[in-house]
Amino acid sequence: MALDPRELDDAFLAFWRERHISTLTTTRPDGTPHVVPVGVTYQPETGTARVITSRSSRKARNVAAAGPEGLRVAVCQVAGARWSTLEGVAVVRDEPEQVAEAERRYAERYREPRVNPDRVVLEISVERVLGRA
């Protein structure tokens with residue numbers, strides 16, 4: 001069920017604050033899907049989802065290969081009958097302030113991330129929200 005990203009109710013937003021592992025779906029340069037488990041944070045005020053990862057990871061390389069326009073991606077989390085998918089365009093961000101902000105948000109939802117000098121952020125501009133929370 002499609003939802004208006006500007007009018008998500010409290011239960012739905014709480015679902016995105018609870019600790020759940022999500023999946024991230026990107027496409028490889030050959031067009032095949034790449035699906036991996038990730039921690040993701042969602043900032044509904046700006047419509048931004050973030051995934052922290054290493055620059056050399058397949059997911060980061062898939063997004064980087066799309067160029068500055070970014071790559072269409074989806075992040076999905078499921079907990080029993082509750083589920084949600086955020087769809088949008090991802091870009092790789094490596095600016096220290098962007099990485100620090102993503103790490104801070106990750107620590108709030110999950111735990112303090114391990115030190116990783118090769119860390120980047122997959123920043124997703126959410127365009128479509130699906131789910132039942």
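Reader: What should I know about the model and the numbering?
Author: The model is predicted: local features need pLDDT of at least 70, side-chain atom pairs count only at pLDDT 80 or more, and totals for chains, interfaces and linings use all residues. Residues are numbered from 1 along each chain as its sequence is written, and side-chain values use heavy atoms, with hydrogens and water left out.

Reader: How many aromatic pairs are there, and by what rule?
Author: Rings of Phe, Tyr and Trp (its six-membered ring) pair if their centres lie within 6.5 Å; planes under 30 degrees apart are stacked, over 60 edge-to-face, and the rest tilted. The count by this rule is two.

Reader: Why is the pair of Y106 and Y110 called tilted?
Author: The centres are 4.9 Å apart, within 6.5 Å, so the rings pair.

Reader: What makes Y106 and Y110 buried?
Author: Buried means under 20% relative accessible area, exposed over 50%, and partly exposed in between (1.4 Å probe, protein chains only). Y106 has 15% and Y110 has 11%. Both values are under 20%, so both residues are buried.

Reader: Why is the contact of D94 with R55 called a salt bridge?
Author: The term asks for a side-chain nitrogen of Lys or Arg within 4 Å of a carboxyl oxygen of Asp or Glu. The closest N and O atoms of D94 and R55 are 3.4 Å apart, so the pair qualifies. A search of the whole structure finds eleven salt bridges.

Reader: Where do D94 and R55 lie?
Author: D94 is in the loop between strand 7 (82–93) and helix 3 (96–109). R55 is in the loop between strand 5 (48–54) and helix 2 (58–65). The two are 39 residues apart, and the pair links distant parts of the chain. Helices (H or I, at least four residues) and strands (E, at least two) are DSSP runs, numbered from the N terminus.

Reader: Are D94 and R55 buried, exposed or partly exposed?
Author: D94 has 42% and R55 has 39%. Both lie between 20% and 50%, so both are partly exposed.

Reader: How do you know that E123 and R93 form a salt bridge?
Author: Their closest N and O atoms are 2.9 Å apart, within 4 Å, so the pair meets the rule. E123 sits in strand 8 (residues 119–132) and R93 in strand 7, 30 residues apart. E123 is buried at 14%, whereas R93 is partly exposed at 22%.

Reader: What makes E108 exposed?
Author: Its relative accessibility is 59%, over 50%, so E108 counts as exposed. R104 is partly exposed at 37%. The two side chains meet in a salt bridge of 2.5 Å, N to O. Both residues lie in helix 3, four residues apart, about one turn of the helix. E101, R104, R105 and E108 are linked in a network of salt bridges.

Reader: What makes a set of residues a nonpolar core?
Author: The members are buried Ala, Val, Leu, Ile, Met, Phe, Trp, Tyr and Cys residues joined through side-chain atoms within 4.5 Å. The largest has 29 residues, of which L24, Y42, V75, L86 and I124 touch the most other members. Strand 8 gives the most to this core, with six residues.
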